[in-house]
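Here is a short report on one protein. Look at the structure first, then read on.

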Amino acid sequence: MTKINIPLAGSRAQIICSRHVTRDFLSERAKINPEGRKIIEYLVESFDGHPESRRDILFPSTPVGTAHVRYRSGYYIFFQRFNAAQPLRYKIKLWWCGTYTVKSGRLKFDFEKLDE
């Protein structure tokens, strides 16, 4: 007998995310004020329910390869997302966090200033 995993109407399969944090991420987070750290933690925790978001911004060519930015209320996290071998499992590698501003309708991240 073959088992088929069909979610019931109104129920959700649990998405599991393992998070790996770099030293750069931790050192940058330590420089941010307590209110900003709460927003950063909110962004990190948001992967549990939504490992993929339409608001995530793709950066295809970075020193670490293809990466994304997830942002909210003036703060962001710079990360890579990998699908694990099993369905509904993701590995999130957190590389950097910081602040952004909005100028002329465009988001300007603090790491972009380092490139200039």
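Predicted model: local features only at pLDDT ≥ 70, side-chain atom pairs only at ≥ 80, totals over all residues.

## Order of elements

## Contacts along the chain

Consider contacts between residues at least 6 apart in sequence. Of these, 51% link residues at least 24 apart.

## A hairpin

Look at strands β5 and β6. Strand β5 covers residues 89-103, and strand β6 covers residues 106-109. The two run antiparallel, and four bridges join them. In this pairing, Val102 of the chain lies opposite Leu107 in β6.

Together β5 and β6 form a hairpin. Two residues sit between the strands. Ser104 is in the turn, and its phi is positive, at about 55 degrees.

## Inside and surface

The protein has 116 residues, and 33% of them are buried.

Are Cys17 and Cys97 buried or exposed? The cut-off for buried is under 20% relative accessible area. Cys17 has a value of 12%, so Cys17 is buried. Cys97 counts as buried too, because its relative accessibility is 0%.

How many disulfides does a search of the whole structure find? The search finds zero.

How values were computed: Residues numbered from 1 in each chain as written. Heavy atoms only, no water. Buried < 20%, exposed > 50% of the residue type's maximum accessible area, 1.4 Å probe, protein only. Contact = heavy atoms within 4.5 Å. Pairing = 2+ DSSP bridges. Disulfide = S-S within 2.5 Å.
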